[in-house]
Amino acid sequence: MPSSPKLFHARHSPTSPFYSRRSSVLLFGSCLFIGISGFIFGLTSFFTPHLRYNCSNRDPRTVKVVWNRPADSAGVSTGGTGSDAKRHKVMGFVGIQTGFSSVGRRRSLRKTWLPSDREGLQRLEEATGLAFRFIIGKTSDKAKMLELKKEVAEFDDFLLLDIEEEYSKLPYKTLAFFKAAYALYDSEFYVKADDDIYLRPDRLSLLLAKERSHPQTYIGCMKKGPVFKDPKLKWYEPLSHLLGNEYFFHAYGPIYILSADVVSSLVALKNNSFRMFSNEDVTIGAWMLAMNVNHENEKALCEPDCTPTSIAVWDIPKCSGLCNPEKKLLELHSKESCTKSPTLPSDDDS
């Protein structure tokens, strides 16, 4: 490193007392500066060891979705500020609907088909082309919100909705979920799943990868649901006439799938455009019928036990999900027929 011009053209010789004293002062000042800098850096590192970890850490996986009024468009952020986020490209986004009373269910899920560690979840998502997040709203109970905050910090696998978490408002939460998922993920399919089913993500991936001629598709284990004779529901008479009875097909609630075109139509809906029923599966089913989408009946989404083709296992028709999910999830996961059985082609594939 070249010396400064002032020192280079000094008249004093290197052996003169003046030069020695000046050199000593400069050397002492440099050492003092380096020493103080090192001390400050070491002190900072000691009291903030997390800084070193954050350098190699990825972006947070958990996001909070806030709603901008009156346009009702979704903004996403890790801190709830409503800042825009880039949409992630995936084949399917799986939103696992959960609540504040479901801590045990989430614990069991993370011990079974959903990895609890960040690296394991990353590997699963890369292998299947699917993204997985727990979907939950908010509550005025500060203690519950504090516990949720701790769980988010530990596992970082949530999508937080700015909507009250109440059972009576499940249809509203479901619509909010689809809007938030669409804002976050550029996905071919959006999957609504409950936290009390046993899922085979690899087989779900194969189902979604199938060739489909209809861009607007509604996939689920279909059942006949009632068309309610409500004077406010204008279309029940022609619907009953067309079907020849007072029932229509819709998917069972524990898991169903909507294609991107369908979800984009839902996102474009204004508030109160469609009728809300007390049950979210009936609500979505009625909307799918009104939108004239293609219904795909997939029985592998509602198997009572693990089989070579089962995608989702739950206690149909006894319970809407597994009857004792915290225990049953662990029991199913211990069976080779659930975890290690090879995937056989379904009747549709043969």
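Trainee: How many salt bridges does the structure hold?

Mentor: This is a predicted model, and the structure holds 19 salt bridges.

Trainee: What makes Glu-151 and Arg-110 a salt bridge?

Mentor: The closest N and O atoms of Glu-151 and Arg-110 are 3.0 Å apart. The cut-off is 4 Å between a side-chain nitrogen of Lys or Arg and a carboxyl oxygen of Asp or Glu, so the pair qualifies. This pair links distant parts of the chain, with Glu-151 in helix α6 (residues 142-155) and Arg-110 in helix α4 (residues 103-110), 41 residues apart. Both Glu-151 and Arg-110 are buried. They also belong to a network of salt bridges that links Arg-106, Arg-110, Glu-151 and Asp-157.

Trainee: Which residue forms a salt bridge with Asp-162, and where do the two lie?

Mentor: The partner of Asp-162 is Lys-138, and their closest N and O atoms are 2.7 Å apart. Asp-162 sits in strand β5 (residues 158-164) and Lys-138 in strand β4, 24 residues apart.

Trainee: Why is Asp-162 called partly exposed?

Mentor: Its relative accessible area is 27%. Buried means under 20% and exposed means over 50%, so a value in between is called partly exposed. Lys-138, at 31% relative accessibility, counts as partly exposed because of the same rule.

Trainee: How do you know whether Lys-328 and Asp-315 are buried or partly exposed?

Mentor: Lys-328 has a relative accessible area of 23%, so it is partly exposed. Asp-315 has 13%, which is under 20%, and therefore it is buried. These two form a salt bridge as well, with the closest N and O atoms 3.1 Å apart.

Trainee: Why does Lys-173 count as buried?

Mentor: Its relative accessibility is 3%, and buried means under 20%, so Lys-173 counts as buried. Lys-173 lies in helix α7 (residues 170-184).

Trainee: What makes the pairing of Lys-173 with Glu-165 a polar contact?

Mentor: Their side chains are 3.0 Å apart. The limit for a pair of N or O atoms is 3.5 Å, so this distance falls within it. The side chain of Lys-173 also reaches the backbone oxygen of Thr-98 at 2.7 Å. Leaving aside neighbours within four places in sequence, Lys-173 is in contact with residues including Gln-97, Ile-135, Gly-137 and Leu-161.

Trainee: What makes α7 mostly covered?

Mentor: Of the 15 residues in α7, 11 are buried. Among them are Pro-171, Lys-173, Phe-177, Phe-178 and Leu-184.

Trainee: Which residues touch the most other members of the largest nonpolar core?

Mentor: Those are Trp-113, Phe-132, Leu-204 and Ile-257, in a core of 43 residues. Strand β4 (residues 130-138) supplies the largest share of this core, 4 residues. There is also a second, separate core of 32 residues, which includes Leu-159, Tyr-190, Ala-251 and Met-291.

Trainee: Which residues is Ile-257 in contact with, leaving aside its neighbours within four places in sequence?

Mentor: Among them are Phe-189, Val-191, Leu-204, Leu-208, Ile-219 and Leu-301.

Technical notes: Residues numbered from 1 in each chain as written. Predicted model: local features only at pLDDT ≥ 70, side-chain atom pairs only at ≥ 80, totals over all residues. Heavy atoms only, no water. Buried < 20%, exposed > 50% of the residue type's maximum accessible area, 1.4 Å probe, protein only. Polar contact = N/O pair within 3.5 Å; in protein donor to acceptor, adjacent residues only side chain to side chain. Contact = heavy atoms within 4.5 Å. Core = buried A, V, L, I, M, F, W, Y, C linked by side-chain atoms within 4.5 Å.
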